[in-house]
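Thanks, everyone. Please bring up the model, and I will walk through its contacts one group at a time.

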Amino acid sequence: MKAPITFSICIPNFNYGRYIGSTIQSVLDQSYPHFEIIVADNASTDDSVAVVRSFGDTRIKLIQNPYNLGFAPNLDRATETATGDYMILVSSDDTMKPSALECYVRLIQAHNGEHEDLVLSSDVDIIDSDGHITGSKEALGSVLRTTLAKIGSTPVQKTAEAELWHGHDVLRAVLQGGTMTNIGKFVSTCYSRRLFERVGGYHSIMSVIPDAQFSQKLALQNPLFIFVGQPLFQYRIHGQNFYSQIFSNVKMYGDKYL
């Protein structure tokens, strides 16, 4: 019997003790059971570590950094010990819907026979600090979709559930747009560990948007991108990350230069 597909859910965290319990619980509530959870705590000064330990679940691995490494290096810490066939980085204030992994497994099984490398990303719901849905975002955003149309690219396949695109077509559209943007949504993007290792993981020179550079490294390998047209994850916007984003906009100029 063929072994089941396994997932590594990697959660970088710093001082999100208020939210990380909900994040971990959303993974534990998955209808598909074959996963591990890796939490990389970046020397939090709140109760984050206590919250993670309170679950007492052997599927949860906690990595504690001796000091704050910075955001981008902590992504490396969260992912470097992953053992799953596929990997997902989930911020410690975001959540997964119960059927997320089940949906991804179904699509992986449907397409990885024809395509060696897959990258999946779904639409996301936007939630506030209390978990109320305030909006949504498409996995394949309107700007990228418009650029793809302008350069004459077409999807490999389009169904009621998902759109499939060649990685080089998507990367060409991103570069045509002239901005360092993420392909797909950070919280919902899933990729094979084999592909992750081939591009050298994150190991980014960027401090604010390492996920954008990483997604473009993936696209350069020309994998099949599968954009799922339903929200399988929830991205949380609240006061704490809103103000950090304002500060990040200043640092982003340096990132773009690099």
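Start with Arg145 and Glu138. Their side chains meet in a salt bridge, at 4.0 Å from N to O. Keep in mind that this is a predicted model. How accessible are the two partners? Arg145 has a relative accessible area of 31%, so Arg145 is partly exposed. Glu138 is at 42%, so Glu138 is partly exposed as well.

How many salt bridges does a search of the whole structure find? The search finds 11. I will take a few of them.

Next, Asp130 and Arg18. Their side chains form a salt bridge, 3.9 Å from N to O. This pair links distant parts of the chain, 112 residues apart. Asp130 sits in the loop between strand E6, residues 118–127, and strand E7, residues 133–137. Arg18 belongs to helix H1, residues 17–28. Buried or exposed? Asp130 is exposed, and Arg18 is exposed too.

Now Arg106 and Glu161. In this salt bridge the closest N and O atoms are 2.5 Å apart. On accessibility, Arg106 comes out at 41% and is partly exposed. Glu161 has 24%, which clears the 20% limit for buried. So Glu161 counts as partly exposed.

One more charged group. Asp117, Arg194 and Arg198 are linked in a network of salt bridges.

Strand E8 covers residues 157–158. Strand E9 covers residues 162–166. A hairpin joins E8 to E9 through three residues. The two strands pair in the antiparallel sense, over two bridges. Which residue stands opposite Gln157? That is Leu164, in E9.

E9 has another partner, strand E11, residues 224–236. Five bridges join these two, and they run antiparallel. Here Trp165 stands opposite Phe225 in E11. How covered is E9? Mostly: four of its five residues are buried.

On to helix packing. Helix H5 spans residues 142–150, and helix H6 spans residues 167–177. Their axes are 9 Å apart, and they pack at an angle of about 100 degrees. That angle falls within 65 to 115 degrees, so H5 and H6 are roughly perpendicular to each other. Which residues meet? From H5 we have Leu144, Thr147 and Leu148. Facing them in H6 are Asp169, Val170, Ala173, Val174, Gln176 and Gly177.

Now the aromatics. How many aromatic pairs does a search of the whole structure find? Nine. Take Tyr191 and Phe214. Their ring centres are 5.0 Å apart and the planes stand at 65 degrees, so this pair is edge-to-face. Where do they come from? Tyr191 lies in strand E10, residues 190–192, and Phe214 in helix H8, residues 210–220. They are 23 residues apart in sequence, so the pair ties those parts together. Both rings belong to buried residues. Tyr191 has a relative accessible area of 2%. Phe214 is also at 2%, so Phe214 counts as buried.

Phe214 has a second ring partner, Tyr202. These centres are 4.1 Å apart and the planes are at 15 degrees, so this pair is stacked. Again, distant parts of the chain are linked, 12 residues apart. Tyr202 is in the loop between helix H7, residues 193–198, and H8. Tyr191, Phe196, Tyr202 and Phe214 form one aromatic cluster.

Last stop, Gln30. Where is it? In the loop between H1 and strand E2, residues 35–41. Buried or exposed? Gln30 has a relative accessible area of 7%, under the 20% limit, so Gln30 is buried. What is Gln30 in contact with? Leaving aside neighbours within four places in sequence, the list is Phe35, Met96, Lys97, Pro98, Ser99, Ala100 and Leu101.

That is the tour. Over to you for questions.

Definitions and conventions. Residues are numbered from 1 along each chain as its sequence is written. This is a predicted model: local features need pLDDT of at least 70, side-chain atom pairs count only at pLDDT 80 or more; totals for chains, interfaces and linings use all residues. Side-chain values use heavy atoms; hydrogens and water are left out. Rings of Phe, Tyr and Trp (its six-membered ring) pair if their centres lie within 6.5 Å; planes under 30 degrees apart count as stacked, over 60 as edge-to-face and the rest as tilted. Buried means under 20% relative accessible area, exposed over 50%, partly exposed in between (1.4 Å probe, protein chains only). Two strands pair if DSSP finds at least two bridges between them. Axes are lines fitted to C-alpha atoms, for helices over the stretch in contact, and angles run from 0 to 180 degrees between N-to-C directions. Angles under 35 degrees count as roughly parallel, over 145 as roughly antiparallel, 65 to 115 as roughly perpendicular and the rest as oblique. Contact means heavy atoms within 4.5 Å.
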